[in-house]
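Please keep the sequence and the coordinates at hand while reading.

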Amino acid sequence: MQHYQKPNTKLWAGRLSNKQLYLHEKITCIDLKNDILPKNKEKSFALLGYACDEGVERNKGRIGAKEGPDTIRKMLASLSNHFSDDISIFDVGNITCEDKNLEETQAKTTDCIASLIDNNVFPIVLGGGHDLAYAHYNGIKKQFPNKTIGIINLDAHFDLRKVESQGNSGTPFYQIAKENNVFKYLCLGIQKAANNQELYKTANKLNVQYIENTQFSIHNKVHVFNTIKNFIASVDHIYLTIDIDGFSSIYAPGVSAPSPMGFSIDIAMETIRLICESDILASVDLVELNPKYDIDHCTSKLAARLIYNIINWL
């Protein structure tokens, strides 16, 4: 399978208990090229890596996000396992972009995500650049072609740049909007300083809902939650995408575009939990982690803890 890299079992290492006390002991590695993905009636999760930063490079960003998926896996490995035996967590490897063909990489990602959902396995996709969103949405849409899919994006950026010649990490939601008759998009944590006037005009023209970072806070929780609940009530399925660069650089220095004015962990965690408990969440991804610029793995550890809690809440 081109653009596919089987799971690296060496990443899942740590203290041994022989009682699955640690997460690395619970993980099952599955090579999608040669193994059959189990169809389980119980709750199953798949960690799929999007080891690609071609979109970030096209968007003139700092490359290094393609190292994100495996770095997150390393941080997950040593966490304590408190999940029940009937929950399965699979590592299904990475989709790669070694030939700079972003479009082919996105197409492969779309097919893989659709296959996971078809097998009743909940995808948790590890980026990689935010160009993943275009592929991820299409994977969900492939499985639910006649349903309304709402996108909730925790991010400093709209990522609604118009496509000039090729898509990139700044264009995915514009691409989605232009290819679908119904476009339901809620952004949480948007920063004025990081989005020019044209991007705001595009957002308003496309009827994008958003809460700016000055209002996306625990002190404004009632308004934030009401906005999210109303949005969830208007769609059939939710696609949750978490751009790590939306967090304040106090918590997340290791990203492609760090910001000291980003949102805090408390409102992000409360928000993600609310979405997980909505019963219509179809898939999740985390993007823009750049280990090259991390400090003491704190951003990678944040991403790992987010994933850990998402699995727990689901």
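How many aromatic pairs does a search of the whole structure find? The search returns 9 aromatic pairs, and this count, like every value below, is computed from a predicted model.

## Aromatic pairs

One of these pairs is formed by Y200 and Y210, whose ring centres lie 5.7 Å apart with 80° between the planes, an edge-to-face arrangement. Y200 is buried at 11% relative accessibility, whereas Y210, with a relative accessible area of 27%, is partly exposed. Ring pairs also bring in F158, which is linked with Y200 and Y210 into a cluster.

The pair of F216 and F263 is likewise assigned from its geometry: the ring centres are 5.2 Å apart and the planes stand at 90°, so the pair is edge-to-face. F216 lies in the loop between strand 8 and helix 8 (221-233), F263 in the loop between strand 9 and helix 9, and the 47 residues separating them make this a link between distant parts of the chain. F216 is buried, with a relative accessible area of 2%, and F263 is buried at 2% relative accessibility.

## Salt bridges

The structure holds 11 salt bridges. Among them is the contact of K100 with E54, in which the closest N and O atoms are 2.9 Å apart. This pair joins distant parts of the chain, as K100 sits in the loop between strand 4 (88-96) and helix 4 (102-118) while E54 is in helix 2 (residues 54-58), 46 residues away.

R73 takes part in a salt bridge with D70, where the closest N and O atoms are 2.9 Å apart. Both residues belong to helix 3 (residues 68-77), and because they are 3 residues apart there, about one helical turn separates them. D70 is partly exposed at 23% relative accessibility, while R73 is buried, with a relative accessible area of 1%. The side chain of R73 also meets that of D91 in a salt bridge, at 2.9 Å from N to O. Here the link runs between distant parts of the chain, from R73 in helix 3 to D91 in strand 4, 18 residues apart, and both R73 and D91 are buried. Elsewhere, salt bridges that share partners join E54, E57, R58, K100 and E103 into one network.

Is strand 9 (residues 237-243) enclosed or open? Strand 9 is largely enclosed by the rest of the structure, because 7 of its 7 residues are buried. Both of its faces are covered, with H237, Y239, T241 and D243 buried on one side and I238, L240 and I242 buried on the other.

Strand 6 (residues 149-154) runs parallel to strand 9 and is joined to it by 6 bridges, including the one in which I151 has Y239 as its partner. Strand 9 also pairs with strand 10 (residues 281-287), in the parallel sense and over 6 bridges, and L240 has its bridge partner in V284 of strand 10. Between strand 9 and strand 10 the chain passes through helix 9 (residues 265-276), giving a right-handed β-α-β crossover.

Q106 is located in helix 4 and is buried, with a relative accessible area of 6%. Leaving aside neighbours within four places in sequence, Q106 is in contact with Y50, D131, Y134 and A135. N119 is placed in the loop between helix 4 and strand 5 (122-127), where N119 counts as buried at 13% relative accessibility. With neighbours within four places in sequence again left aside, N119 is in contact with L37, P38 and K39.

Notes
Residues numbered from 1 in each chain as written. Predicted model: local features only at pLDDT ≥ 70, side-chain atom pairs only at ≥ 80, totals over all residues. Heavy atoms only, no water. Salt bridge = Lys/Arg side-chain N within 4 Å of Asp/Glu carboxyl O. Helix = DSSP H or I, 4+ residues; strand = E, 2+ residues; numbered from the N terminus. Buried < 20%, exposed > 50% of the residue type's maximum accessible area, 1.4 Å probe, protein only. Contact = heavy atoms within 4.5 Å. Pairing = 2+ DSSP bridges. Right-handed = clockwise from strand over helix to strand, strands pointing away. Phe/Tyr/Trp six-rings, centres within 6.5 Å; stacked < 30°, edge-to-face > 60°.
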